[in-house]
Amino acid sequence: MDVLSSLPETDSDSDDLAIPPADEAAARCAQLLRDAGLRPTRHRLALARMLLLGAHRHVTAEGLYDEATAANLRLSLATVYNTLNQFTDAGLLRRIAADGIKSFFDTNTSVHPHFYLEGEDILVDVAGGLAFTVPAPLPGHEITRLDVIVHLRRKRLM
């Protein structure tokens, strides 16, 4: 599937993994970007369609770049990084720094905990959430986000 050929050349206004038909998908993505204060460029539209119209998921810049390349989208890894950062700054994605080195981008921007599978580089949502008490913020401050990542590794067989 050539993602760019299914998107409009101009900035017109014209669940699971099901994605609406090309014109409807492009229009939905363009509106999502505009609502977030971003200009719907060709690359932003293409990446938004890949990220925001399907099921919630966690991606890395490298993984998304590989998907875009497989979809015949011609862009650089730097463009993918820049776009993911723009989407995050605009509130369309959440950045999760799972291990201090690798960042995942979560299409589900609600507050929810994650499991990080060490050695497998996989981030998954914790089903059912976690129960704990959030401390009160320091005087004069407010909580802006909460990240809970439970690191897992496979048990060693004896």
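Student: At roughly what angle do the axes of helix H2 and helix H3 cross?

Tutor: This is a predicted model, in which local features need pLDDT of at least 70 and side-chain atom pairs count only at pLDDT 80 or more, while totals for chains, interfaces and linings use all residues. Residues are numbered from 1 along each chain as its sequence is written, and side-chain values use heavy atoms, with hydrogens and water left out. Helices (H or I, at least four residues) and strands (E, at least two) are DSSP runs numbered from the N terminus, and axes are lines fitted to C-alpha atoms, for helices over the stretch in contact, with angles from 0 to 180 degrees between N-to-C directions. The axes of H2 (residues 42-52) and H3 (residues 61-70) come within 11 Å, and they cross at roughly 110 degrees.

Student: Which residues of H2 and H3 make the contact?

Tutor: Contact means heavy atoms within 4.5 Å. H2 contributes Leu-47, Met-50 and Leu-51, and H3 contributes Leu-64, Glu-67 and Ala-68.

Student: Is Leu-51 buried or exposed?

Tutor: Leu-51 lies in helix H2. Leaving aside neighbours within four places in sequence, its contacts include Val-59, Leu-64, Leu-84 and Phe-87. The terms rest on relative accessible area (buried under 20%, exposed over 50%, partly exposed in between; 1.4 Å probe, protein chains only). At a relative accessible area of 1%, Leu-51 is therefore buried.

Student: How far apart in space are Leu-51 and Leu-64, C-alpha to C-alpha?

Tutor: Leu-64 is one of the residues in contact with Leu-51. The two are 13 residues apart in sequence, and their C-alpha to C-alpha distance in space is 8.7 Å.

Student: How are H3 and H4 oriented to each other?

Tutor: The axes of H3 and helix H4 (residues 77-89) come within 9 Å and cross at roughly 120 degrees. Angles under 35 degrees count as roughly parallel, over 145 as roughly antiparallel, 65 to 115 as roughly perpendicular and the rest as oblique. H3 and H4 are therefore oblique.

Student: Which residue in S3 is the bridge partner of Val-59?

Tutor: The open sheet of 3 strands has the order S1-S3-S2, with antiparallel pairing; two strands pair if DSSP finds at least two bridges between them. S1 and strand S3 (residues 103-106) are joined by 2 bridges. The partner of Val-59 in S3 is Phe-105.
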